[in-house]
Amino acid sequence: MTLLIIGVIVLLVVFYAIGIYNKLVKLRTLVDEAWSGIDVQLKKRYSLIPNLVETVKGYAKHEQETFEKVVQARNRAQSANTVEDQQAAENQLNKALVNLFALSEQYPELKANQNFLKLQEELSVIEQDIEKSRRYYNGTVREKNILIDSFPSNLVANAFGFVKSKFFELDSEAERALPQVKF
C-alpha cells in the first residue's frame, strides 16, 4: 500500500513538473514572439527616419550635425543584437529624434509642409505601436520571470536551464529632456 501511495505521489510530481515545463516553454515562445513584434515596429520606424531627415534637410541645410546624429543613432539601433544593446540604441535614437523635431519647430514653412506632417504623423503612430509592443513584451517577460523565480517552478526552470529575460525599457529621463537647438 505504501508503495502505491509513493508511486501516486511520484506520478503527481512528474505531471506537475511536466506542466511547469510546458508553461515555461510557452512563456519563452511568447517572449520571443513579443520581441519579434517590437522588432517589426522598430524596422518600420527605421524605414521612415531617412524620409523624415531628408524632408527636414530641405529646410534646414545648415544643421548637418543634427541630421548626422539621427542617422548614426538609427544605424546603431538597427545593428543592435541584444535587448540591452537595443535599449541603449533606442535611447540615443529617441534623443536624436527629439532634437530633430525641435529643429523643425524653427521653420514655420516646414511645419506647414504636408509631406513633413504626414511623416510626423506616421512616426507618431509607429511610436504608439512600439509602446504597445513593448508593454506586451514586458508583460510576457514578467510572467516568465515570476515563474522562473517562484517555488517550486524554479526547480524545474533551473533543471532545464530556463533563464530570466530582460525587460525592454527606454530611458524616460531622455524622453523628458528638453532638446538643445542652437543657431
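Here is a short chat about salt bridges in this predicted model.

Student: Before we start, how are residues numbered, and what pLDDT do local features need?

Tutor: Residues count from 1 along each chain as its sequence is written, and side-chain values use heavy atoms, with hydrogens and water left out. As the model is predicted, local features need pLDDT of at least 70 and side-chain atom pairs count only at pLDDT 80 or more, while totals for chains, interfaces and linings use all residues.

Student: What counts as a salt bridge, and how many are found here?

Tutor: Side chains of opposite charge can pair when their charged atoms come close. The cut-off is a side-chain nitrogen of Lys or Arg within 4 Å of a carboxyl oxygen of Asp or Glu. Searching the whole structure turns up eight.

Student: Which residue does Glu 90 pair with?

Tutor: Arg 45, with the closest N and O atoms 2.2 Å apart. This pair links distant parts of the chain, 45 residues apart: Glu 90 sits in helix H3 (residues 83-104) and Arg 45 in helix H1 (residues 2-59). Helices here are DSSP runs (H or I, at least four residues), numbered from the N terminus. Arg 45 and Glu 90 also join Glu 127 in a salt-bridge network.

Student: Is Glu 90 buried or exposed?

Tutor: Buried means under 20% relative accessible area, exposed over 50%, partly exposed in between (1.4 Å probe, protein chains only). Glu 90 has 1%, so it is buried; Arg 45, at 1%, is buried too.

Student: Where do Lys 118 and Glu 122 lie?

Tutor: Both are in helix H5 (residues 114-149), four residues apart, about one turn of the helix.

Terms used:
Helix = DSSP H or I, 4+ residues; strand = E, 2+ residues; numbered from the N terminus.
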